[in-house]
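The following dialogue takes up one structure, feature by feature. Please keep the sequence and the model in view while reading.

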Amino acid sequence: MEDKKIGIASDHAGYEMKEFLVGYLDGLGYDVHDFGTDSPESIDYADVAHPLACAVESGELPRAIALCGSANGISITLNKHKGIRAAICWEPELAALARQHNDANICSLPARFIDNSTATAIVDEFLKGEFEGGRHATRVAKIPVDAWCEAQGKK
């Protein structure tokens with residue numbers, strides 16, 4: 001059975017789209033865990049990214065959506081967490097490939113560069129996407145720096 005829990009977080013630049021997506025996801029029957037922000041007032045993306053990443057990394061939430069103006073800052077922050085694979089997606093096909101090939105567990109949206117219709121199409125692909133495993137699993141296993149260093153005899 002599909003886990004219908006999902007996290008979401010944004011900085012001020014993604015606030016309006018986040019609010020729209022919370023309603024959209026709720027309408028799809030998801031139990032949405034909103035990590036903020038709670039207004040369009042300026043905040044630092046790291047303040048919402050770290051708590052969201054911790055919830056996904058711990059297994060409390062299986063997947064999440066993150067937003068900031070370009071999706072770069074929030075993704076860089078999220079990807080500092082060992083168990084996170086945040087992918088920047090500005091088209092639905094990128095979200096599908098992020099799930100299929102990279103086992104992405106957070107979809108990062110560039111709120112200043114896409115509209116709500118595109119955002120929902122991206123989220124739909126991210127939610128229905130399944131990791132293909134196989135050769136992709138071998139590649140994903142090499143992502144953590146400590147695993148790579150150990151395999152190279154550098155740790």
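Predicted model: local features only at pLDDT ≥ 70, side-chain atom pairs only at ≥ 80, totals over all residues.

Q: How many bridges are needed before two strands count as a pair?
A: Two strands pair if DSSP finds at least two bridges between them. Helices (H or I, at least four residues) and strands (E, at least two) are themselves DSSP runs, numbered from the N terminus. Here alanine 87 has cysteine 107, in strand 5, as its bridge partner. Strand 4 (residues 86-88) and strand 5 run parallel and are joined by 3 bridges. The chain passes from strand 4 through helix 4 (residues 92-102) to strand 5, and this β-α-β crossover is right-handed; that is, with the strands pointing away from the viewer, the path from the first strand over the helix to the second runs clockwise.

Q: Which strand pairs with strand 3, and in what sense?
A: Strand 3 pairs with strand 5 in the parallel sense, over 5 bridges.

Q: How many residues of strand 5 are buried?
A: Buried means under 20% relative accessible area, exposed over 50%, and partly exposed in between (1.4 Å probe, protein chains only). In strand 5, 5 of the 5 residues are buried, so the strand is largely enclosed by the rest of the structure. Ile106, Ser108 and Pro110 lie on one side, Cys107 and Leu109 on the other, and both faces are covered.

Q: What span should helix 1 have?
A: The expected span of a helix is 1.5 Å times one less than its number of residues. Helix 1 (residues 15-27) has 13 residues and should span 18 Å; its end C-alpha atoms are 19 Å apart, which agrees.

Q: Which residues of helix 1 are buried?
A: They are Tyr15, Met17, Lys18, Leu21 and Leu25. These residues cover an arc of only 150 degrees around the axis, which puts them on the same side of helix 1; the arc is that of the directions from the helix axis to the C-beta atoms. On the other side, Glu16, Asp26 and Gly27 are exposed. The buried residues pack against several elements, including strand 1 (5-10), strand 2 (31-34) and helix 5 (116-128). Just after helix 1, glycine 29 has a positive phi of about 90 degrees.

Q: Which residues of helix 2 are buried?
A: In helix 2 they are Val48, Ala49, Leu52, Ala53, Ala55 and Val56. They share one side of helix 2, because their arc around the axis is only 160 degrees. Their cover includes strand 1, strand 3, helix 3 (72-78) and strand 5.

Q: How many disulfides does a search of the whole structure find?
A: A disulfide is a covalent bond between the sulfur atoms of two cysteines. The criterion used is a pair of cysteine sulfur atoms within 2.5 Å, and the search finds 0 disulfides. For cysteine 68, the nearest cysteine sulfur, that of cysteine 107, is 12 Å away. The sulfur of cysteine 89 is 3.9 Å from the closest cysteine sulfur, in cysteine 107, too far for a bond. Cysteine 68 counts as buried at 3% relative accessibility, and cysteine 89 does at 1%.

Note on methods. Residues numbered from 1 in each chain as written. Heavy atoms only, no water. Contact = heavy atoms within 4.5 Å.
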